[in-house]
Amino acid sequence: MDNESQYSGYSYKSSHSRSSRKHRDRRDRHRSKSRDSSSRGDKSVTIQTPGEPLLDAESTRGDDRDDNWGETTTVVTGTSEHSISNEDLTRVTKDLEESTPLECKRFVGPALGGCLSFFALVTPLAFLILPQVLWRDALEPCGTPCEGLYVSLAFKLLVLLISSWALFLRPPRATLPRFFVFRCLLMVLVFLFVASYWLERDYRGIVEYAASLVDALLFIQYLALVLLEVRHLQPAFCLKVVRSTDGASKFYNVGHLSIQRAAVWVLDRYYSDFPVYNPALLNLPKSILSKKMTGFKVYSLDGKYSFVLALTSNVQSNNSSFGLTENTTNNSTGQSRAMIAAAARRRDNSHNEYYYEEAEMDRRIRKRKARLVVAVEEAFTHIKRLQEEEAASSPKHPREVMDPREAAQAIFAPMARAMQKYLRTTRQQAFHSMESILTHLQFCITHNMTPKAFLERYLTAGPTMQYQQQNGRGRQWTLVSEEPVTSALRQGLVFSLRRLDFSLVVTVTPLPFLRLGEEFIDPKSHKFVMRLQSETSV
Amino acid sequence: MSFVPGQPVTAVVERVEIQKLRQGENLILGFSIGGGIDQDPGQNPFSEDKSDKGIYVTRISPKGPADLAGLKIGDKIMQVNGWDMTMVTHDQARKKLTKKKEDVVRLLVTRKSLEEAVKHSKGCYPKP
């Protein structure tokens, strides 16, 4: 979120020139971490008009902001329409950084598997054809049993082909850091089988061998099916996934997987289950957090004791506290211990401020939401779908007929201001550009959605998938684990999936063993009496 | 001791006067009651007639005020301080016994042995 770059830029701000400040901010943005959503079209936060001070820490409160994209669509940076502004440049470079280059490594595994399976499928056919071609004279004739074998061979090859296609020829959705142990094993097995069959000369025997080779391949495929697919389906472990920045957590049940496959599985679910990561929501307002100890006075009593008087000041309150320790080791540790004691005894009112701040924020959000809902409802009443009969039967009132895009633009204006204020209050303005809101409005109008359906996207934070743009380059995640990543899941294992600015910590616990007992209740055994005899002591 | 609806109930009663004992905040009498017109009379172990819905003494604390006053387990309480106890609910009976402003309760109780004693004594004296 651009707030981060604002904060870092803030500290650099001093009497430097404007152009060097721009360069520095661009550098800051390069350095600043990229996020999941690469849509950066928001024009209202990163305003850097010359001479205007950088946005202060409370800029995310939208009350006193200059709401400009409701009325106009230009960016106030002093650039004209035809030149790329600072933001566009950074946006472009950020997009390039975000997407990794198309890796050839991604396709090596499937290519190898594809070659091997082609070789395996062709071998039985080659067994049948090559001896006919090469050694026709030296062979004994082979009668009806061979034909039976031919037929069964043909059918088995067909089954093998279809099931290979169904099971294995899928585009991989993830590249994993290590090889799959089981897949490697299976490929080696197939290779050995196939290679060892190229050793016979007797034709009838060859045909029988070909048939048995196909049988063996079918069984290997069955083995692959069980090892690679079925074993993973029956739930055995419960994974707890916690996002490190804001504590959003979910529990999932998985089967026996290796760590890397479990990681891919978790990431699949992450993109559709977890609410999107919003860095702007993480910070407590500065007024609460700035608990600076403004003054320390360290007194030494007889050289043996340290006495620390600490004054803390906050925006709201001034507190002082003290701590006393004995200098047994040396001076500095004694002093620091005294400081810790002083800090511990400080009368802390920040919970109070936090509580009121939260209540105030809730109230503000609710107020904005109410305004937004009313504005959207009103806006939707301005248009209605044109029926076919109306168009034909009312020639005397020619109404202007619009397509969805124009209709959306027409009704967008009255709700734009309320929408922008609401997004700013809930810190979502980075995820929704004006263009995306217009597109969504157009979509909703086309599908006859009500205002509430239109607003569903903005009132609740959706999963990360909702904010993705489809570029085929993939997302870069790092699997951090203390065990080798091909080892199987077991109890107490912890690994984490790291992205640039947050990480998901995954803890593995086994599912409990269930002892299910049985109790039969006769339906006639449900009988009741009144309980009416009580004894009271007086 | 059953009653016939519409006919007066007659019984031989003994007058028992119990001084309440102060225990902390409460004034206790030292016995437990059971029965009442809202209770199930079939479960009463002390009544002869299992449709009798009167108030019975079900337990006496040894050496308590009731024990010292001569109340016996299984007695049916007919009156408490003038209030009738033959046609009351369980809770009403409890309230009449545990009024905080009264230090002493005067009960009229009846039991089988009283009837026997009166019959016996009646039989002894020839009628003039």
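Where in chain A is the place of A:Asn448? The model here is a predicted one, in which local features need pLDDT of at least 70 and side-chain atom pairs count only at pLDDT 80 or more, while totals for chains, interfaces and linings use all residues. Residues are numbered from 1 along each chain as its sequence is written, chains are lettered from A and ligands numbered from 1 in the order in which they are written, and side-chain values use heavy atoms, leaving out hydrogens and water.

A:Asn448 sits in the loop between helix H14 (434-446) and helix H15 (451-459) of chain A; helices (H or I, at least four residues) and strands (E, at least two) are DSSP runs, numbered from the N terminus. Though not a glycine, A:Asn448 has a positive phi of about 60°. Most residues other than glycine have a negative phi. A:Asn448 is exposed, at a relative accessible area of 53% (buried is under 20%, exposed over 50%, partly exposed in between, with a 1.4 Å probe and protein chains only).

Over in chain B, B:Asn81 also isn't a glycine and has a positive phi of about 50°. Its loop runs between strand E6 (76-80) and strand E7 (83-84) of chain B, and B:Asn81 counts as partly exposed at 26% relative accessibility.
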